[in-house]
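Subject: Structure handover

Hello,

I am passing this structure on to you, with notes on what was found in it. Please look it over before reading further.

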Amino acid sequence: MYNERVMKEFAEPKNVGFIENADGVGKVGNASCGDIMEISLKIDNDIITDAKFRTFGCAAAIASSSVATQMVIGKTLDEALEIKNKDVVETLQGLPPQKIHCSVLAEEAIKKAVEDYRDKKNN
């Protein structure tokens, strides 16, 4: 069902955990499948210096979370917001059609974490 890259990210995910005193946190879920994804960010001068994830879900959800955190580290906030679910799928070298929603969760979690940071910064 899953390709070798997805299975590698699932078996050896990067950036697992939660950043204490995170600058931005994005938590999203998919009610139909039960996946829950949370991404926390450390941000310095609008550059993402660290990202961690906690995900309750299938192999595709965990792999998508792992890849998403790797993709955002070192990017500006605006660059991170440009990451789309198709970029996550491409990095994973494909996902089964019924698992594409996992990559959408990764995109949404990144957006929510950046929005959370910007909301905190502006208040």
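Before the rest, some background. The model is predicted, so local features need pLDDT of at least 70 and side-chain atom pairs count only at pLDDT 80 or more, while totals for chains, interfaces and linings use all residues. Residues are numbered from 1 along each chain as its sequence is written, and side-chain values use heavy atoms, with hydrogens and water left out.

Cysteines

Is Cys58 buried or exposed? Cys58 is buried, at 18% relative accessible area. The closest cysteine sulfur to that of Cys58 belongs to Cys102, at 3.7 Å, which is too far for a bond; a disulfide is a pair of cysteine sulfur atoms within 2.5 Å. Cys102 is accordingly in no disulfide, and a search of the whole structure finds 0 of them.

Ser64 and its surroundings

Cys102 also turns up among the contacts of Ser64, a residue of helix H2. Leaving aside residues up to four places away in sequence, Ser64 touches Val88, Leu92, Leu95, Cys102, Ser103 and Ala106; contact means heavy atoms within 4.5 Å. Ser64 is buried, with a relative accessibility of 0%.

Helices H1 and H2

Two packed helices are described by the angle between their axes and the distance between the axes. For H1 (residues 4–11) and H2 (residues 59–72), the axes come within 8 Å and cross at roughly 80°. The helices here are DSSP runs of H or I with at least four residues, strands are runs of E with at least two, and both are numbered from the N terminus. Axes are lines fitted to C-alpha atoms, for helices over the stretch in contact, with angles from 0 to 180 degrees between N-to-C directions. H1 and H2 are therefore roughly perpendicular, the term for angles of 65 to 115 degrees.

On the H1 side, Arg5, Val6, Glu9 and Phe10 take part, and they meet Ala59, Ile62, Ala63, Ser66, Val67 and Gln70 in H2. The residues of this contact divide into 6 nonpolar, 2 polar and 2 charged. Ala, Val, Leu, Ile, Met, Phe, Trp, Tyr, Cys and Pro count as nonpolar, Asp, Glu, Lys and Arg as charged, and the others, Gly among them, as polar.

Salt bridges

How many salt bridges does a search of the whole structure find? The search finds 9, each a side-chain nitrogen of Lys or Arg within 4 Å of a carboxyl oxygen of Asp or Glu.

One of them joins Arg118 and Asp78, at 2.8 Å from N to O. Arg118 lies in helix H5 (residues 100–122) and Asp78 in helix H3 (residues 77–81), so this pair ties together parts that are 40 residues apart in sequence. Arg118 is partly exposed at 31% relative accessibility, and Asp78 is partly exposed at 48%.

Another joins Lys8 and Glu12, at 3.4 Å from N to O. Lys8 is partly exposed, at 45%, and Glu12 is partly exposed, at 45%. Asp87 and Lys86 also meet in a salt bridge, at 3.5 Å from N to O.

Strand E2

Ile36 is in strand E2 (residues 36–44) and counts as partly exposed, at 38% relative accessibility. Beyond residues up to four places away in sequence, Ile36 touches Lys27, Val28, Gly29, Arg54, Thr55 and Phe56. Ile36 and Lys14 are 22 residues apart along the chain, and their C-alpha atoms are separated by 17 Å.

Regards

Conventions
Buried < 20%, exposed > 50% of the residue type's maximum accessible area, 1.4 Å probe, protein only. Parallel < 35°, antiparallel > 145°, perpendicular 65-115°, else oblique.
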